Amino acid sequence: MESYNDQAGLAEATAAARKAAEIGDDPYGAAITNGGTLLAAARNTVHSQHDPSNHAEVNAIRKAAAELGTEDLSNCTLYATCEPCPMCWSLILWSRIGRVVIGAKDPLYGGTDYQPKAFPRPELIFIESPECEALLKEAVSKQRPSSVGVAGIGLATFPTTQ
Ligand SMILES: [Zn+2]
């Protein structure tokens, strides 16, 4: 049984994101481990499955919950190539995931500030990853042209120093 540390977990998420890009989906990836064991790795499938809710984190959480046979993922760590959006962050809270590790912050779509009182806040760890930053920039530049430049925000909002 392979033991996954944070670097290895993030590498699984990154590999999934690259796979998404290869087939024309947005280059986002996620992975979930439990006690050092990989439970799920998933990519964004929004375009290929025509489902706007098929973000990488959502797909990974569905797989992990099915694998464990429970919707309670409190002992799990979720790895995401970039900061989860508000939809994914809400699902992370609802599934009680205890730790979240991200490789890039997302100043446009990141939703980790959301914290309803009903849920404990997951531990949020940022591991600065140039590869994840590059994947995020690729996603923004290729897949969301309508959002770039709106209200003065866009690609210029992505300094690598944040
Ligand atoms: Zn999302």
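Mentor: The buried residues of H2 are Ala56, Glu57, Val58, Asn59, Ala60, Ile61 and Ala64. Helices (H or I, at least four residues) and strands (E, at least two) are DSSP runs, numbered from the N terminus. Keep in mind that this is a predicted model, where local features need pLDDT of at least 70, side-chain atom pairs count only at pLDDT 80 or more, and totals for chains, interfaces and linings use all residues. Residues are numbered from 1 along each chain as its sequence is written.

So what sits over that buried part? H1, S1, S2, S3 and H3 are included in the cover of H2's buried residues. Zoom in on alanine 60: leaving out residues up to four places away in sequence, Ala60 touches Ala30, Ala31, Ile32, Ala40, Ala41, Ala42 and Leu78. Touching, or being in contact, means that the C-beta atoms of two residues, placed from the backbone, lie within 7 Å.

Ala60 also turns up in the largest nonpolar core, which has 39 residues; Ala30, Ala60 and Leu78 touch the most other members. Helix H2 (56-68) is one of the elements that supply at least two residues each to this core, and strand S1 (29-34), strand S2 (37-43) and strand S3 (76-80) are among the others. A nonpolar core is a set of buried Ala, Val, Leu, Ile, Met, Phe, Trp, Tyr and Cys residues joined through C-beta atoms within 7 Å. In soluble globular proteins, nonpolar side chains tend to be buried together.

Now for the helix's length. The 13 residues of H2 should span 18 Å at 1.5 Å a residue, and the end C-alpha atoms of H2 are 18 Å apart, which agrees. The expected span is 1.5 Å times one less than the number of residues. After H2 comes glycine 69, with a positive phi near 70 degrees.

S1 and S2 run antiparallel, joined by 6 bridges; strands pair if DSSP finds at least two bridges between them. Threonine 33 is placed opposite leucine 38 in S2. Their hairpin has 2 residues between the strands, and glycine 35 takes a positive phi near 60 degrees there. S2 is mostly covered, with 5 of its 7 residues buried.

Methods: Buried ≥ 20, exposed ≤ 12 C-beta atoms within 10 Å, placed from the backbone.
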